[in-house]
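User: I'd like to go through this model piece by piece. Can we start once it's on screen?

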Amino acid sequence: MEKWLEEFLEFLRVERGLADNTIAAYRTDLKHFCAFVARRQFPLDPSSLRDACLCYLYELKAAGYLASTVARRLAALKSFCAYLATQAGYLPWDPAEELSSPKIPERLPKVLRPEEVERLLTAPRTNTPQGLRDRALLELAYATGMRVSELVGLDVDHLNLEAGYVRVLGKGGKERVVPVGRTAQHYLKEYLEKAWPRLVKDRRTSALFVNRRGGRLTRQAVFKLLKDYARQAGLSSAPSPHTLRHSFATHLLENGADLRVVQELLGHVSISTTQIYTHLTSTRVREVYRRAHPRSRKIKS
């Protein structure tokens, strides 16, 4: 089965053009299933693999995995089995075709209030190269709503500060152009003029955000610096880079932005993905109404 898995991952990379991080997630989830099949010694035929899928899902639920985790692993499994039956022809029919995903309770993404964003973005000390880099990075993250992988993947020539935009390479290699606000433009210009040369030194690199050794900044480094600055800013919990993305979208909609525009800025393929932010803004409106309207409270008996 390991051979089948490697062929499937190559299919995802070449034929479907999925990003490396997405393929890595598929690899992790499906290796877990392959190990289960090998441990239980299921034969590699459709009927046996269908039983393996059912037993595997039961084991995940019995082990207390979240419904979202079970659903994600099942989605990977269904894609894998469909490939084996249709593209590769290793199986005469798809053993996972009729398996249904568990119902996932809808969870609204965490969003920072504008004043919390302000505290977070102003936390870095810009009198050091690293501090100026971090201020530019945080300003750009909130100004554009980019995913952390998109942020660390930026090259210097992806920026056009004169015109005020950045070219973003999103999921599946799809490119989009996102405006960059004046505040982010200012700190990016300061970073490129004063800090970037000092961090890069004599190293040849095209990366926009670099570490103190001149190498490209990693996703893990962004998570860590965000956690550190959240603590300095006195935030109750550490936001993730995705929290800034959620905040970007929510604040735009709260201030009257069109949903289709927000969809394009975020790089969402489907409008339904973007619509979750309308639930957030509706919730916020109701909260403000309940607090502010004198006759919104419960009637006293």
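User: Cysteine 55 first: what is its relative accessible area?
Analyst: Cysteine 55 has a relative accessible area of 32% and is therefore partly exposed. With a 1.4 Å probe and protein chains only, buried means under 20%, exposed over 50%, and partly exposed in between. This is a predicted model, where local features need pLDDT of at least 70 and side-chain atom pairs count only at pLDDT 80 or more, while totals for chains, interfaces and linings use all residues. Residues are numbered from 1 along each chain as its sequence is written, and side-chain values use heavy atoms, with hydrogens and water left out.

User: How many disulfides does the structure hold?
Analyst: The number is 0, a disulfide being a pair of cysteine sulfur atoms within 2.5 Å. Cysteine 55 is in no disulfide, and its nearest cysteine sulfur, in cysteine 53, is 9.5 Å away.

User: Zooming out, what is the secondary structure of the chain?
Analyst: There are 13 helices and 3 strands. Both are DSSP runs numbered from the N terminus: helices are H or I with at least four residues, strands are E with at least two.

User: In which order do the strands sit in the sheet?
Analyst: The order is E1-E2-E3, in an open sheet with antiparallel pairing. Strand E1 (159-160) and strand E3 (175-179) are at the edges with a single partner strand each, so one side of each has no neighbour in the sheet. Strands count as paired if DSSP finds at least two bridges between them.

User: How many bridges between E2 and E3?
Analyst: Strand E2 (residues 165-169) pairs with E3 over 5 bridges, in the antiparallel sense. One of the residues to look at is tyrosine 165, whose bridge partner in E3 is proline 179.

User: Threonine 144 next. Which residues does it touch?
Analyst: Leaving out residues up to four places away in sequence, threonine 144 touches Val166, Val178, Pro179, Val180, Phe248 and Leu265. Contact means heavy atoms within 4.5 Å. Threonine 144 is part of helix H6, and at 0% relative accessibility threonine 144 is buried.

User: What about the whole chain: what percentage of the residues is buried?
Analyst: Of the 301 residues in the chain, 43% are buried. Among contacts in the chain with a separation of 6 or more, 57% join residues 24 or more positions apart.

User: What volume does the largest cavity have, and what lines it?
Analyst: The largest cavity holds about 50 Å³ of space. Its lining includes Leu137, Leu138, Met146, Arg147 and Pro241. H6 supplies the largest share of that lining, 3 residues. By class the lining has 10 nonpolar, no polar and 1 charged residues, where Ala, Val, Leu, Ile, Met, Phe, Trp, Tyr, Cys and Pro are nonpolar, Asp, Glu, Lys and Arg are charged, and the others, Gly among them, are polar.

User: And what is the volume of the largest pocket?
Analyst: About 1200 Å³. It is lined by 42 residues, with Thr22, Arg147, Glu150, Gly170 and Lys171 closest to its centre. The elements giving two or more residues to this lining include helix H2 (20-40), E2, E3 and helix H13 (276-292). H2 gives the most, 5 residues. The lining of the largest pocket divides into 15 nonpolar, 16 polar and 11 charged residues.

User: Last topic, backbone angles. What is phi for glutamine 41?
Analyst: Glutamine 41 has a positive phi of about 60° although it is not a glycine. Most residues other than glycine have a negative phi. Glutamine 41 is in the loop between H2 and helix H3 (46-62) and is exposed at 68% relative accessible area.

User: Where is lysine 201 found?
Analyst: Lysine 201 is in the loop between helix H8 (182-200) and H9. Phi of lysine 201 is positive, near 60°, and lysine 201 is exposed, with a relative accessible area of 63%.

How values were computed:
1 Å grid on protein atoms, 1.4 Å probe; cavity = no way out; pocket = protein on both sides within 12 Å on 5 of 7 lines; lining within 4 Å. Points joined across faces, edges and corners; volume = space filled by probe spheres on them.
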